[in-house]
Amino acid sequence: MRYSKYFIPTLKEAPSDAEAVSHKLMVRAGFVRQLAAGLYIYLPLGIRVMEKINRIIREEMNAIGGQEVTMPVLNPAEVWQQTGRWDVIGDEMFRLKDRGGRDMCLAMTHEETMTWLASHDLRSYRELPQIWYQVQTKLRDEARPKSGVLRTREFTMKDSYSFDKDEEGLDRSYQLHLEAYKKIYSRCGIRFYVVQSDTGMMGGSMAHEYMAPSPAGEDDVALCDGCGYAANTELALSSPKQSATSAEPFEEIATPERRTIEEVTRFLKVTPDRLLKSILVMTEKGPVLALVRGDQTLHEKKLAKLVGPHRPAQKDEVKSGLGVPAGFIGPMGHKIRKIADPVLKEGTYIAGANKEGFHVKGVTAAAHFSDAEFADIHTASAGDACSQCGKPLRIEKVIEVGNIFKLGTKYSVPLKANYLDEQGNEKPIVMGSYGIGPARIAAAAVEQGNDKDGIIWPLSIAPFQVEVIPVNVKDQPSMDAAEELYAALVEKGFEVLLDDRDERAGVKFKDADLVGIPYRVIIGDRNLKEGLVEFKERRTGMVEKIKVAEVVEFVAKRIVMESV
Ligand code: ATP
Ligand code: MG
């Protein structure tokens, strides 16, 4: 490809609202443009990266017996109504009506339509198992589209679905995906963790997420270097250190106008772990009191698993429900459901006194909230003990680049995707669902591979493998050598960008650093007179002078070495 004829609109400045490094660099280096919130245009360089990622995905999916299909983006409401998700999913689903007034939606995932297909075309145990996949467009009206291509309203997803006779079959299909996914991310050159995750709106019994460490990530994972435990903090279990408390008499203390943990700790000159936080939440079945230690954060999703959807109570609801002004709730007395974090089983705490302007000390589980259910509802934090081995946990920010779910029969039952077993009995097909976000792989690669000058692509997903840069295009011998090298490298099957622009060397080198092609061959007139060119590696900055006649072989060797 010739740079002069290729559309690579690089920019000096990043968009003013861009925070994530990948957002800034992918726009500046001419890979993408934002049309509107969460809607991105992929430019020629961006397309090349996406196609490489998708090729790797397809190869690994085919290798486990996956068969590519494609589902319509526009879906009739009926299939979604049959599984109940038409009502369960809220504003995230784009809905519309066709000219006949029929309800339609833009698919945000394809469990429904894939299961519909299975219900019509799979009949016998002899046809199972099946793995069907697609690399296709999804639409989601995300609440906060942000961070460039990491969270968009329209995006490509590789989604696959497995159809098995029974749980053992599902285990096998799940395991195949688990391993295929590891290969995909490794081949794409990104660092990742496989972590246990919540099954969320997909339903089902088991789920894992593939998480690429990056400060731009919106998820947190808890990792244990001791035993390898790795889980999304949405469900990570951990034991915080017990705080050093000693028995104290139960006694009121005046804390006028001190409501928050910060205000109370400062006023009483104690650390937050001496306090007990009582948080009233409203659920569909009435109010629930959640109790966590003062230094802990209540994890909404952990609590939601126990009490269902909920929201924090408003001040007047606290007053009318408990008869206590907000900020002074204690765990004592209230005849409502209470859920306490297990760390509170031991120790003596300071809590609200259920009375305006007062707290109480000497609060213990045995004496004051023995009627509470104990369940891990805190957010795991760094240094908490691992629930499996007791070693300290680490917390890392990550990008979710993919996930796998055991669905069981959640979709096959309502959509009547049944098969006849060996005995002629009709049984529901047992399913799994597996997603990958190719754009997130690209962005994660940029998050993990960059420096102050620009992107450093992994070779496997770089838009080109080699960039040939004649420093002065007006110097005929340089240009002749560049053309010759370009032709020879292309002939060998390499992907080469020839920067044939009549630009200053500084401009070309800056753009080359920004775009981030792994290898560069620089042809300068002085070196050329000695029969030499410069070979430069983007990642290390290493420069080597090599003989013109040996360039092709040298580059080929490097690429082969890097590719294994
Ligand atoms: P998240 O929790 O980040 O919203 P999700 O759990 O909604 O992700 P899935 O519905 O399981 O994601 O989709 C499968 C994969 O598709 C995700 O692992 C992710 O890589 C990708 N993906 C999901 N939502 C988006 C989005 N809005 N933009 C880009 N990629 C996405
Ligand atoms: Mg989502």
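**A loop residue in detail**

A: Ser147 sits in the loop between β7 and β8 (154-164); strands (DSSP E, at least two residues) and helices (H or I, at least four) are numbered from the N terminus. The model is predicted: local features need pLDDT of at least 70, side-chain atom pairs count only at pLDDT 80 or more, and totals for chains, interfaces and linings use all residues, while side-chain values use heavy atoms, without hydrogens or water. Residues are numbered from 1 along each chain as its sequence is written, with chains lettered from A and ligands numbered from 1 in the order written.

Ser147 is not a glycine, yet its phi is positive, about 55°. Its relative accessibility is 15%, so Ser147 counts as buried (under 20% relative accessible area; exposed is over 50%, partly exposed in between; 1.4 Å probe, protein chains only).

Lys416 is exposed, at 58% relative accessible area.

Back to β7, which spans 130-139. The loop between α5 (111-121) and β7 holds Pro129. A cis peptide bond links Leu128 to Pro129, with omega about 0°.

Burial also marks helix α11 (residues 438-448). Of its 11 residues, 10 are buried, leaving the helix mostly covered. Among the buried ones are Pro438, Arg440, Ile441, Val446 and Glu447.
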